[in-house]
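Dear colleague,

Please find below the structure that I am handing over to you. My notes on what was found in it follow.

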Amino acid sequence: MAEQQQFYLLLGNLMSPDNNVRKQAEETYDTIPGQNKITFLLQAIRDASAAEEVKQMAAVLLRRLLSSSFEEIYPGLTLEMQTAVKTELLTSIQQETSPNIRKKVCDIAAELSRNLIDDDGNNQWPEVLKFLFDSVNSDNVGLREAALHIFWNFPGIFGNQQQHYMEVIKRMLVQCMQDQENPQIRTLAARAAASFVLSNESNTALLKHFADLLPGILQAVNESCYQGDDSVLKSLVEIADTAPKYLRPNLEATLQLCLKLCADTNLTNMQRQLALEVIVTLSETAAAMLRKHTAIVAQIPQMLAMMVDLEDDDEWAMADELEDDDFDSNAVAGESALDRIACGLGGKIILPMIKQHIMQMLQNPDWKYRHAGLMALSAIGEGCHQQMEAILQEIVSFVLLFCSDPHPRVRYAACNAIGQMATDFAPTFQKKFHDKVSDMKNCLICYVRQVADFVISALLQTMEDQSNPRVQAHAAAALINFTEDCPKSLLIPYLDSLVQHLHVIMVAKLQELIQKGTKLVLEQVVTSIASVADTAEEKFVPYYDLFMPSLKHIVENAVQKELRLLRGKTIECISLIGLAVGKEKFMPDASAVMQLLLKTQTDFNDLEDDDPQISYMISAWARMCKILGKEFQQYLPVVMGPLMKTASIKPEVALLDTQDMENISEDDGWEFVNLGDQQSFGIKTAGLEEKATACQMLVCYAKELKEGFVEYTEQVVKLMVPLLNVPLTVSRVRVAAAESMPLLLECARVRGPEYLTQMWHFMCDALIKAIGTEPDSDVLSEIMHSFAKCIELMGDGCLNNEHFEELGGILKGKLEEHFKNQELRQAKRQDEDYDEQVEETLQDEDENDVYILTKVSDILHSVFSSYKEKVLPWFEQLLQLIVQLICPNRPWADRQWGLCIFDDVVEHCSPSSFKYAEYFLRPMVQSLCDSSPEVRQAAAYGVGVMAQYGGENYRPFCTEALPLLIRVIQAADSRSKENVNATENCISAVGKVMRFRPECVNVNEILPHWLSWLPLNEDKEEAVHTFDFLCDLIESNNPIVLGPDNSNLPKIFLIIAEGVANESVKSEDACSKRLANVIRQVQVSAGLWTQCVSTLNETQQKAIQDLLNTA
C-alpha cells in the first residue's frame, strides 16, 4: 500500500509545472521495472478514491507503455497476470463513472488488442470481441460509446475474422448512426465507420459494400459541426486523402455539404477551412474524378470570398518586421487552397472559371477585393501555367496598373503578383516570345524589352514609395524574383538605370537606419543588389565601387541583435558581388572582407542557434572558396568548426500515436509521416534547412579544393555516410551526402591507396543500402549516380561478393518495379476517370521511372568498365530483365536503355559478350532503322563497339549493319535537331567499321562519302573517334582522303576548323596534337597554306590559330 501511495506521489510529480521536479520524477519512473509499472498503473486507474488527474495520467502512461514496450514487457508477465490485465481493463470500462477516464481506458484496451493480433491475424483476446458486441447492444449509452471508441481506435480488432463478421460490423455501425436519441453515438459511429474505411483503403470490394454508410457519415459531419465538434469532418478529410474513391457514389452530396459549410460564417474559421480542405484534398488525390463535376467545382469562388476576409490595419504599411503568415486566417487559407486546387485540377478547368471572378474583384471599389484578386492571380500561376502563359502579356500589363493603386495593400499585392509570376513563368516572363521564329526576331526583341521596361520601371517606382516602407520592401522582393531568373542579355540594357535607382534607395535607407533604426526596406534592397549582380556577372564590375564601401560599413556596424538579418543579407550580397565580378576585381577588398567574415566567425559560438547570420555565413564562405580557389585553404581551420556543427544538427524525432498527435501541432515545427495503425513518425524540422545548406557547402569545399580538403575528409565522411539513410531529413541533406561521396574519394587519393580503400569501405555498404531504401526518386537518382562514379573511381576489386549479391538483388528489384509501374499506368488508362490531365501525370511518372532506369544503366556501365568479363556470371541474374527491355513492344526509352546496357557488355566484356548475342544482336541491327532517334543512336553505338572491341564473331553483323547505317545518314532529315545525334553515331560507327574491320567493307568506296559527312558537331565523344581515324588516314597519306595533288586539304582544313570552333576537339584530346601537326606540315608550303586558309571564314581561321597555339 505504501508503495502505491509513493507511486501516486510520483504521478503527481510527473504532472508538476516545475521542470526540475518533473525531470526527477521522469528519471525515477524510468527506473521502475516494466511489469511493476503495469501493476501500479492499473491499480491507479481502478482506484475509485484516486484524483481524476492522477487516474488520467496513469491511463496515458499505461497506453504509452503498451505502445512502445509491449514486446519487452507483456510476454514476460505470468499467464495469470496477463489475464488479470485484460479482465481489469474491461471491468474498468464497465464500472468507471468518469467519461474522460473511461475513454482513456478504452484507448488502452485498443492498444492491447492491436498488440495481441498474432502473425496469422488471430486476436488472442477473444473476450474483447464479445465485450464489443455486448456493449454495442447495451442500453447503457456509456458502454455503447466505449465499444465504438475501441473500434474507432483499432478498426482491425477482428483480425482474420473480419470477413466473417462483416455484416455484423456493418449492422453495428448503421444501427449506431441511426440512434436518434444520442447525437454523441451518431458522431462516434460515423468516426468509427470512417476509421474502418481508412484501414481498408485498398480493399475495393469492402469499400463498395460499405458505400451506403457514407450518407450517414455526411449527416454526422453536418450535425457535429453545428455542435462545435469537427472530429467527423476531420475524418472526412482523411478519407478524401487516403480513400477518395469511397466518396465517388456520393461525390456530389459530399461537395455540396462542404461548400455549404465553407460558406457558413456562423461556423468557426477552422471548421470552414476543414470543409474547404476536403474539396482541395480531392483535387489532389482524385483530380480526374473531381474534374467531371465541373458544375460543383464552378462554385469554388467561395475561396475567393474567404480571401476577402481581411482586417483594416492603419499600422500595416509602416511595419518594420515581417510577421509570418497567419495560417489560421481565412485569407491565407483561401489563397493556399486556390494554389493547390489549381495545381490539382489544372488550368483548363480553373482559369476560365476563375478569370471572370478575378477581373470583377479587381474593379471593385473596396480595396479588400482588389487585394484578393491580385493574390488569387499569384496563387493560380503554377497550376494554370500553360493557359496563363498564352495571355501573359495581357495579365502583366493589367497587374502593373495596380502598382499605382491608391491603397498600399493593393500595391503590395500587385508587387506580390509580379514577383510570383516572375518565378512561376521564368524565364518566359522575363523574355516573353524571345525564342520565336527568326523573321520576327527584331520585332519580338523590341516587345521583350518593352515588357521588361514596364516591369522594372513599375517596381522601381513603387520602391520610391517612402511613406509605405512595407510596400517598398515588397517591390524590392518582386525585383529580386524578376532579376534572379532574368537572362543576362535581357537585363544588361536596364543595368545602369536599375543600379543607380538601387544605389539611391540604399543610401537613403542607410540614413534611415542610422536616424530611425528602420531596416526592412534596406534588407530587401541589399538582396536586390545581390540578385542583380548575380545575374549581370562581369557586367557589374563598373558598379562595384559604388556599393562595396557601404556594404562593408553595414557588416562592420550592424552588430545589434535586431540587425542580424540585415547583416546576414549584406554578407550574402558582398560574397555574391565578389563571385559576379571575379577574383581580379574583388582581390583588393578580399582581405578586408575576409577579416570581417573571420571576426563574425570567431564570434560564431556566441550566436544563438536560430541566428539568421549562420546560414548566410555558411553560404558566403563557400562563395569565397569559389572566388579564391586554393588560396581559401588557409581559412579552413576557422570555417570548418561552425560548419560541421551546423551540418551535424540532429533533428528531434518521435514515434507518436493518435492520442499524442492531438497534443502536438504541425505549427510547432513538427512534420509527420503516417505509419498506419494509428501511429505516426514525427520530426521537428527546426534547423534542418540550415543543416542542408551546411552539407551542400561541404560538397562545395570538396569539389573546389580537392586534395587541399584532405585533412577534413575523415570527419566529413563520418558525418555524411549516416545521412544517406535518414529518409525523414530534408531531401537536400541526402542529395548532398550522396554528391559528397565521389568528391571525398577524390580528395583522399593523395593519402594513398590504403587510406582510400578504408574510406570506400566505410561508404560502400551505406550507399548500396540507400539505393535499396531511398523513397524519393530525385534523391535516389543522385545516390545511384554517385555510387556509379565511386565504382569508376575505385575500379576492379572495390566490391566484394556480399556487395555484389546485395547490389544484384536491388537492381533486379528496380527493373521489376519499372515493369510493374508501367503495368499500373496502363491500368490507370482504363480507369473510368482517365482524361488528358491524368495522361500528363502518367507521362511525368514514366519520365521519373525512365530516369531511374538510366541510373541502373550508369551503375552497370561502371561495373562492366571496372570488372570486364569477370562480372558476366553476376550479370546473368539481370539478363532476362534487360532482354525484356529491348522487346519490340516496349516503349522507346526502354529499348534505348536496354541497348545501351548491351552496348556496355560488348564494349567491356568482349569477346565473351558473344555468348549473349542471341538475345541482343537481331534487335540491335533492326533498331538501326527504328522510328525513335534515341533507339537508333544506341544501336549505332553498339555497331561501333562491335567493330572496335567485339572480335571475329561480330564480323558478319558489321557487314550487315553498314548499308543500314548509310541509309540513316543519307535520309533527307538526318541532320534535323531531333535526328542529328543518332546520325552522328551512325557516321562514327561507319568510321569504326572501316578502321577496325576493313575486311567487312569496301573502304575505298565508302571513304569519300564518310569524309563528306564530317565533322561531327553534336556528339563530342564520337567526334574524337572520327578525328582519330582521320589523323590515321592523313598520316598514312591515304590517297582517297588527301585527293589528287592534295586537292582535299582545303576540305580537311574546314573539317578541323569546324571541329575546333564547335569544341568537338579540345586541347586535352590526344588527337589535337596530331591535327596541329597536319596543319604545321601544310604551313611549310606557302602556296598550299594560302589555298587552305583562304577558304575559311574569320571564325574558322581563328580556330586553326587556337589549335596551333594550344596543341
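Rings of Phe, Tyr and Trp (for Trp, the six-membered ring) are taken to pair if their centres lie within 6.5 Å; planes under 30 degrees apart count as stacked, over 60 as edge-to-face and the rest as tilted. On that basis, ring pairs join Phe-133, Phe-151, Phe-158, Tyr-165, Phe-196 and Phe-210 into a cluster.

The model is a predicted one, in which local features need pLDDT of at least 70 and side-chain atom pairs count only at pLDDT 80 or more, while totals for chains, interfaces and linings use all residues. Residues are numbered from 1 along each chain as its sequence is written, and side-chain values use heavy atoms, with hydrogens and water left out.

Aromatic pairs

In total, the structure holds 26 aromatic pairs. One of them is tilted, because the rings of Tyr-701 and Phe-709 have centres 6.3 Å apart and planes at 55°. Tyr-701 is buried (under 20% relative accessible area, with exposed meaning over 50% and partly exposed in between; 1.4 Å probe, protein chains only), since its relative accessibility is 0%. Phe-709 also counts as buried, at 0%.

The rings of Phe-875 and Tyr-916 lie with their centres 6.2 Å apart and their planes at 75°, so this pair is edge-to-face. It links distant parts of the chain, 41 residues apart: Phe-875 belongs to helix α43 (residues 872–885), and Tyr-916 to the loop between α44 (892–909) and α45 (917–926). Helices here are DSSP runs (H or I, at least four residues), as strands are (E, at least two), numbered from the N terminus. Phe-875 is buried, with a relative accessible area of 0%, and Tyr-916 is buried at 3%.

Charges over rings

A charge sits over a ring if NZ of Lys or CZ of Arg is within 6 Å of the ring centre and within 35 degrees of the ring normal. Lys-37 is placed over the face of Tyr-29, 4.3 Å from the ring centre. The charged end of Arg-191 lies over the ring of Trp-152, at 4.5 Å from its centre.

Which residue marks the bend in α43? The helix bends by about 55° at Leu-878, the bend being the angle between axes fitted to the seven residues ending there and the seven starting there. Its buried residues, including Trp-874, Phe-875 and Leu-878, pack against α41 (801–829), α42 (836–867), α44 and α45.

In α52 (residues 1049–1061), 13 residues at 1.5 Å each should span 18 Å, and the end C-alpha atoms are 18 Å apart, which agrees. The expected span is 1.5 Å times one less than the number of residues. Among the buried residues of α52 are Leu-1049, Ile-1052, Phe-1053 and Val-1060. Their cover includes α49 (1003–1013), α50 (1020–1035) and α53 (1070–1083). Glu-1063, which follows α52, has a positive phi, near 60°.

Asp-230

Asp-230 is found in the loop between α12 (214–225) and α13 (231–242). At 18% relative accessibility, Asp-230 counts as buried. Apart from its neighbours within four places in sequence, Asp-230 is in contact with Met-270, Gln-271 and Leu-274, where contact means heavy atoms within 4.5 Å.

Yours sincerely
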